[in-house]
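Here is a friendly walk through one protein model, to be read with the structure open beside you. Take each stop in turn and find the residues as they come up.

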Amino acid sequence: MLWLQVTGGEALIDPHFAASCRLAHDLGMMIEVLTNGTRLSNPATLAALAACRPYRVTVSLYGATPETYDAFTRRRGAFARVTRGLAAGVEAGLPLRLALIVTAQNAHEHDRMRELANGLGLPFKEYTHMSPTIYGGAESLASQSPAHLKPLERFTGCNAGHTFLHVDPHGRASICKVGRDEQIDVLAEGVQGLARLGTIADRLMLRTGGCSGCLLSENCSVCRPLAKRYQEAKAPLNTYCQHGRKGTTG
Ligand code: SF4
């Protein structure tokens, strides 16, 4: 294992974060931490990150003002905490970058979010497509800002299950964080069980279920596991599937 991405929930509130990140570091892994940034000004958090030295800390940003940010996250004071955290992270020399999450609720602050990133001298990426939840829930889709959706690129394949994998908090491994239909209980089977992930990946990537027989699958922009999540969430076809776009048949 060469590369470890620590995701959430919010990893920095996990009591095991410091010890597990340190272990991964001592085993020689490259570590990326995804966080909402609200704990970065905490001295214990900064000390934990200094001890495990991630090569990248990615902070999600949900607005550029307290009103919008706090309303979106439903946490009063969240914007003040994240801006304080970002300042502390910059001061500590953390390898920060921002993920600008552009939604219907904060799209009017899109430019200000960019300015905030530029003002801190931080690189950023923008995310406008909301995915369904891993349980196929549609609640996240309502946050999407249709005016900000960019055309999706063609899906050209993925090494999920072959060169990388996902493990949930219960030690269940899957090919990635989206394709969790078949999981391996690492605690019960040991790491030997992971050898089955490649076969599972090849099976999950087949255009089955709601994509069976699709004549447009060669040009599809989503992998089959993600298409399945969208279909379970009954997402509008035009947000992920070519059959929802004008003039396409097949
Ligand atoms: S275009 Fe739509 S139906 Fe066809 S493979 Fe992609 S998601 Fe499935």
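Is Thr45 buried or exposed, going by its relative accessibility? Thr45 counts as buried, because its relative accessibility is 8%, and the cut-off for buried is under 20%. Keep in mind as you read on that this is a predicted model.

## Thr45 and its helix

You will find Thr45 in helix 2. Leaving aside residues up to four places away in sequence, Thr45 touches Leu12 and Arg39. Helix 2 spans residues 43-52, and it comes up again at the next stop, as one of the neighbours of helix 1.

## Helix 1 and its two sides

Helix 1 runs over residues 17-26, and Phe17, Cys21 and Ala24 are buried in it. These residues sit on the same side of helix 1, because they cover an arc of only 60° around the axis. Their packing partners are strand 1 (3-6), strand 2 (30-35) and helix 2.

Ala19, Leu23 and Asp26 are exposed, and they are carried by the face turned away from the buried side of helix 1. After the helix comes Gly28, with a positive phi near 90°.

## Where helix 3 meets helix 4

Helix 3 covers residues 66-73 and helix 4 covers residues 78-91. Their axes are 7 Å apart, and the helices pack at an angle of about 110°. Helix 3 and helix 4 are therefore roughly perpendicular to each other, since angles of 65 to 115 degrees are counted that way.

The contact brings Pro66, Tyr69, Asp70 and Thr73 of helix 3 together with Ala78, Phe79 and Val82 of helix 4. By type, the residues of this contact divide into 5 nonpolar, 1 polar and 1 charged.

## Lys125 on strand 5

Next, look for Lys125 in strand 5, which spans residues 124-127. Lys125 has a relative accessible area of 43%, so it is partly exposed; that label lies between the cut-offs of 20% and 50%.

Which residues does Lys125 touch, not counting those up to four places away in sequence? They are Arg97, Leu98, Ala99 and Leu100.

In helix 7 (197-204), the buried residues are Leu197, Gly198, Ile200, Ala201 and Leu204. Seen down the axis, they fall within an arc of 160°, so they line one face of helix 7. What covers them includes strand 7 (172-174), strand 8 (184-185) and helix 8.

The loop between helix 7 and helix 8 (224-232) holds Ser221. Ser221 counts as buried because its relative accessibility is 16%. Its contacts, again without residues up to four places away in sequence, are Leu152, Glu153, Arg154, Phe155, Tyr240 and Arg245.

## Around the ligand

Tyr240, one of the residues that Ser221 touches, is also one of the residues around the ligand.

The residues of the shell divide into 6 nonpolar, 3 polar and 1 charged.

Notes
Residues numbered from 1 in each chain as written. Predicted model: local features only at pLDDT ≥ 70, side-chain atom pairs only at ≥ 80, totals over all residues. Heavy atoms only, no water. Near = heavy atom within 4 Å. Nonpolar A, V, L, I, M, F, W, Y, C, P; charged D, E, K, R; others polar. Helix = DSSP H or I, 4+ residues; strand = E, 2+ residues; numbered from the N terminus. Buried < 20%, exposed > 50% of the residue type's maximum accessible area, 1.4 Å probe, protein only. Contact = heavy atoms within 4.5 Å. Arc of directions from axis to C-beta. Axes fitted to C-alpha atoms, helices over the stretch in contact; angles between N-to-C directions. Parallel < 35°, antiparallel > 145°, perpendicular 65-115°, else oblique.
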